[in-house]
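Dear colleague,

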Amino acid sequence: MTAQLIDGKAVAARVRAEIKEEVARLKAERGITPGLAVVRVGEDPASKIYVTGKKKAAEEVGFNSWEHHPDETITQQELLALVHRLNEDPAVHGILVQLPLPKHIDADAIISAVKPEKDADGFHPMNAGNLLLGRPATRACTPYGVMRLLEEVGCNPAGKRAVVVGRSNIVGKPQALMLLQKDATVTVCHRKSDLPAEVAQADILVVAVGVPELVKGAWIKPGAVVIDVGMNRKADGKLVGDVEFAAAAERASFITPVPGGVGPMTIAMLMKNTLEAAQRAGK
Ligand code: NAP
């Protein structure tokens with residue numbers, strides 16, 4: 001392997017340590033303790049793991065945190081009422097509604113009901129729109145974490161070719177906008193793209209598709225920085241990314257492992273978004 005590993009766990013720990021310091025300052029100087037409310041509907045096992053991790057991180061950095069855990073039979077109106085209550089609660093600075101929601105709930109309506117200034121996930125249309133317009137916005141946590149990883153390895157996107165594989169609203173699209181904002185020349189790929197040809201152009205490659213090892217190592221431009229957002233559980237229980245790791249690591253200059261790359265950053269940036277919401281609320 002020639003690539004250097006990007007240690008997302010270590011970077012995330014640094015981000016959390018920075019946040020912890022800021023929380024202590026906010027408490028001491030302005031008497032504000034950031035508060036994160038997490039809403040988890042029903043018993044989705046993956047959601048339970050994610051929410052437990054988020055609550056643990058929130059407590060570790062010194063936030064107040066609350067988990068609201070309604071039964072999966074909750075109605076749209078009841079869930080909207082819960083979001084409205086949290087919107088009006090001055091102790092709550094960040095609200096996160098864990099996805100996926102049960103099928104009878106309109107997830108878009110719930111996300112849109114969260115006050116944009118309390119939108120810890122950065123999924124609200126107002127925040128997505130402000131990102132598009134280049135205005136201050138709460139950023140979607142995963143692509144925001146990827147930007148921090150690039151910074152940590154000294155990769156300045158300006159003037160580079162960045163290729164983002166995947167165009168979801170929570171990863172691919174905001175990732176492309178954040179890279180564009182940093183003056184990369186950005187290509188966004190999807191199912192109709194000629195992936196081997198596009199990937200071969202990338203100085204910076206971010207892959208978020210949800211297909212195990214879709215991107216082959218042989219496609220990677222020598223020296224590229226490769227960020228693998230994918231998290232796929234194989235039949236044997238092993239977690240793999242969307243990039244064929246061993247072969248890609250032979251060509252890349254830097255690469256994120258799965259697990260231990262992007263994953264820990266997502267939670268750290270959620271804490272950062274909540275801290276920033278508390279800092280704004282206190283002004
Ligand atoms: P998503 O909403 O399912 O979007 C997947 C995207 O990949 C779509 O744009 C789709 O293209 C594209 N795609 C799927 N198959 C493809 C193929 N064969 N060739 C080219 N493009 C293809 O997924 P997501 O929510 O962005 O998540 C993507 C992955 O990241 C998943 O593995 C997820 O678990 C992981 N993830 C990790 C974190 C983390 O914290 N590490 C956070 C979020 C997501 P079309 O638009 O054409 O359908």
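Proline 259 lies in the loop between strand E11 (254-255) and H10, and the peptide bond that reaches this proline from valine 258 is cis, with omega near 0°. Leucine 99 and proline 100 are likewise joined by a cis peptide bond, with omega about 0°, and proline 100 sits in the loop between strand E4 (94-97) and helix H4 (107-113). Helices (H or I, at least four residues) and strands (E, at least two) are DSSP runs, numbered from the N terminus.

This is a predicted model, in which local features need pLDDT of at least 70 and side-chain atom pairs count only at pLDDT 80 or more, while totals for chains, interfaces and linings use all residues. Residues are numbered from 1 along each chain as its sequence is written, and side-chain values use heavy atoms, with hydrogens and water left out.

Most residues other than glycine have a negative phi. Aspartate 183, however, has a positive phi near 70°; this aspartate is in the loop between helix H7 (172-181) and strand E6 (185-189), and is exposed, with a relative accessible area of 53% (buried means under 20%, exposed over 50%, partly exposed in between, with a 1.4 Å probe and protein chains only). Glutamate 213 also has a positive phi, of about 50°, and is partly exposed at 28% relative accessible area.

Finally, the axes of H2 (residues 45-60) and H10 (residues 263-281) come within 10 Å and cross at roughly 50°, where axes are lines fitted to C-alpha atoms, for helices over the stretch in contact, and angles run from 0 to 180 degrees between N-to-C directions.

Best regards
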